[in-house]
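Work through the exercises below with the sequence and the 3D structure at hand. Each task is followed by a solution in steps.

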Amino acid sequence: MNIKRRGLMLILSSPSGAGKTSIAHALLKQDSHLKNSISVTTRSKRPLETHGKDYFFITEDQFKEMLDNDELLEHAEVFGHFYGTPKKFVFEQLEMGFDVVFDIDWQGTQQIAQLAPNDLVTVFILPPDLPTLYERLKSRAQDNDEIISIRMNEAASEISHWPEYHYVIVNQAFEKSLAQIAAILTAERTRRKRQIGLAEFVNQLRQCG
Ligand code: 5GP
């Protein structure tokens with residue numbers, strides 16, 4: 001039974017190192033109705049990242065061109081680099097009835113909230129404490145000490161945006177956080193307004209009686 005539904009946009013935000021990227025990847029692995037929004041960025045690639053999978057790594061000129069051509073759903077400057085969400089992919093997936101997960105910051109979340117408040121589900125992920133955040137940034141071993149300390153300094157200001165989100169999760173245990181976000185997704189998919197084929201389905205049920 002396939003009731004026509006409208007895709008939703010699931011935004012995960014957190015300070016860098018709180019675990020949102022790992023949670024997003026695990027969610028995508030277990031849920032074939034969820035698609036990943038791959039951002040463009042002007043920052044350099046980390047050793048373990050892949051172009052086209054983690055990000056599209058582009059130059060500032062290419063970024064400006066995308067902006068000028070209105071190809072970005074939202075964009076922001078984070079840690080001195082530009083980041084943005086390609087619009088076309090997201091709209092195509094939503095139209096096909098897929099849901100899309102975004103790993104973006106509070107600035108991008110605010111922009112999408114203005115554009116499409118009804119299609120949006122936002123989750124803020126908090127670290128259990130600051131030493132854990134520091135350890136996670138260190139153990140990722142992909143940034144140097146200077147970048148890690150910039151990211152630690154930025155964490156407090158990023159965290160201050162938690163009240164702007166629908167749901168807030170403290171990422172103490174990965175599996176628990178993953179289960180919580182999967183549950184949010186299931187509940188949000190079941191919302192009446194997203195099941196746009198319900199009226200037709202119920203009409204059929206009534207005709208059978
Ligand atoms: P990182 O450089 O660690 O991958 O990401 C730095 C920050 O930029 C993270 O908070 C991440 O969520 C955010 N970010 C990544 N892609 C985008 C994007 O397309 N738009 C916005 N607004 N933020 C993004």
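**Exercise 1. Find the residues around the ligand.**

Task: state how many residues surround the ligand and which are the closest.

Solution. Count a residue as near the ligand if one of its heavy atoms lies within 4 Å of it. This gives 19 surrounding residues, and the closest are Ser-39, Arg-43, Tyr-55, Tyr-83 and Arg-151. Next, sort the shell by class: Ala, Val, Leu, Ile, Met, Phe, Trp, Tyr, Cys and Pro are nonpolar, Asp, Glu, Lys and Arg are charged, and the others, Gly among them, are polar. The shell divides into 6 nonpolar, 6 polar and 7 charged residues.

The model is predicted: local features need pLDDT of at least 70, side-chain atom pairs count only at pLDDT 80 or more, and totals for chains, interfaces and linings use all residues. Numbering runs from 1 along each chain as its sequence is written, and side-chain values use heavy atoms, with hydrogens and water left out.

**Exercise 2. Describe the largest pocket.**

Task: locate the ligand relative to the pockets, and describe the volume and lining of the largest one.

Solution. On a 1 Å grid over the protein atoms alone, a pocket is an open set of points where a 1.4 Å probe fits, with protein on both sides within 12 Å along at least five of seven lines; lining residues have an atom within 4 Å of a point. The ligand sits in the largest pocket, meaning more than half of its atoms lie within 2 Å of the grid points. The volume, the space filled by probe spheres set on the points, is about 960 Å³. Of the 44 lining residues, Lys-20, Thr-21, Tyr-55, Asp-103 and Arg-140 are closest to the pocket centre. By class, the lining has 14 nonpolar, 16 polar and 14 charged residues.

Terms used: A residue is near a molecule or strand if one of its heavy atoms lies within 4 Å of it.
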